[in-house]
Amino acid sequence: MIPGPLPSNSRVRPIPLSAYTMTSCLGAGLAPARRALRAGASGLAPNRFETVDLETFVGEIAGVDAQALPRPLAAFDCRNNRAAELGLSQDGFIAAVEKAASRHGRARIGVFMGTSTAGILQTELAYRRRAPDGSLPPDFDYRRTHNTFSIAEYVRTRLGLEGPCAAISTACSSSAKAFASAARLIEAGLIDAAVVGGVDTLCLTTLYGFDSLQLLSRDPCRPYDAARDGISIGEAAAFALLEREGDGGAMHLLGAGESCDAHHMSAPHPEGLGARLAMERALDSAGLAAADVDYVNLHGTATPSNDAAEDRAVTSLLGAAVPCSSTKGMTGHALGAAGGLEALIAVLAIEEGLIPGSPGTRTIDPQLRANYVVSGREAAIAVAMSNSFGFGGSNCSLVFGRPARTA
């Protein structure tokens, strides 16, 4: 049985986003992302990653392989942490965290990072260098490179923070849940601020794994298209600084909702029941009604079953009029980083007054009812919702908006 909405006492105070940045196949930092959203441009390109012989498109971060880590952190060197370093270095984010540390103290700032494959590529590379007896090379450092916690430990160490630190790995909802986890600890008074987000990068296990599930498209993915046939895998590094007492004019996290319907290991609930519950809980925690939502950034993976299930969830709760789109045709599906990346895209949509389009989508599936936006257009957006729904029915919805809408 799927429970109903949470009681009204689940509402939390809006939390300002004092700083944020994103790096993906669209480019490093917010500026290229803004340009791509305006132009409806895609960063997807034919796969050329590593030794993978798959006919598919991917969203690869330019320059990540050449990115160096600070010398004291060389033990953390792997593709995932290099992407994190590239992402952290954009938009003055590190300086913003330093200012927050001076206000709150380093022990009062937490780190919550979402990831899925983490640094598994490093293990793949180590396996190629196995000794004749099968043992892995002695310089392979599992803890700092492959381990799921590696990304959280790297970010915490890189920023010199001393508060609670956690890695969240719930497939595609991982970095959305990082926002929710941080919000709970801030609301509980255990911390005053948090660095949240997610990092996931390409590896052979991911590409061949999704191909074995017959989920990879041979073309750039087409969410909500009548002929959609699978995902395009991307990579990203997305970070936000949440502060209990932040800039009064900053964008705010208004609410977060989570659920786990456990319907199937990899398939969504056909009616989207867990997805709907996550959205209901997000609205309830924000003290908002369905009619208050001006835009929904869909999970929208471009698989037939996922888009259909999410469409049922969205239209049953929000109706068929609210504008929706999936931006995975721009960035690809960044897996464990998708929630953080798309949360910040929703934030940019509010800031820019723009409903993002869906490059790659040609003909909207007539069986789907949502008001799906193919070509981006200007619009006043006060409240935006971002959906992230992962394997195993692990779901998270986030709601963002300006302070004026929180009264």
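Buried, in these legends, means under 20% relative accessible area, with exposed over 50% and partly exposed in between (1.4 Å probe, protein chains only). This is a predicted model, in which local features need pLDDT of at least 70 and side-chain atom pairs count only at pLDDT 80 or more, while totals for chains, interfaces and linings use all residues. Residues are numbered from 1 along each chain as its sequence is written, and side-chain values use heavy atoms, with hydrogens and water left out.

**View 1. The buried residues of helix H4 and the helices they pack against.** Helix H4 covers residues 120-127, and its buried residues are Ile120, Leu121, Thr123, Glu124 and Ala126. Helices (H or I, at least four residues) and strands (E, at least two) are DSSP runs, numbered from the N terminus. Look for helix H2 (79-88) and helix H8 (204-212) as the packing partners of these buried H4 residues.

**View 2. Val58 in strand S4.** Strand S4 spans residues 57-59, and Val58 is buried there with a relative accessible area of 3%. Contact means heavy atoms within 4.5 Å. Not counting residues up to four places away in sequence, Val58 touches Gly43, Leu44, Ala45, Asn47, Leu202, Leu207 and Ile233. For a sense of scale, Ile151 lies 93 residues from Val58 in sequence and 22 Å from it in space, C-alpha to C-alpha.

**View 3. Cys396 in strand S17.** Here the strand runs over residues 394-401, and Cys396 is buried at a relative accessible area of 0%. Once neighbours within four places in sequence are set aside, the contacts of Cys396 include Ser173, Ala176, Lys177, Gly257, Glu258 and Ala278. Ser386, Asn387, Ser388 and Phe389 are also among them. Ser175 is 221 residues away from Cys396 in sequence, with a C-alpha to C-alpha separation of 9.4 Å.

View 4. You will find Ala302 in the loop between strand S11 (295-297) and helix H10 (304-318), buried with a relative accessible area of 0%.

**View 5. Stepping back to the whole protein, with its twelve helices and 17 strands.** The C-alpha atoms fill a box of roughly 60 × 50 × 45 Å along the principal axes. Of the 407 residues, 59% count as buried. Among contacts with a separation of 6 or more, 79% link residues 24 or more positions apart.

**View 6. Residues 1-9, where the pLDDT is below 50.** pLDDT is the predictor's confidence in each residue, from 0 to 100. The protein averages a pLDDT of 93, and 92% of the residues score at least 70. Residues 1-9 fall below 50, and beyond near neighbours in sequence this stretch has twelve contacts in the model. Where pLDDT is low, the predicted coordinates should not be read in detail.
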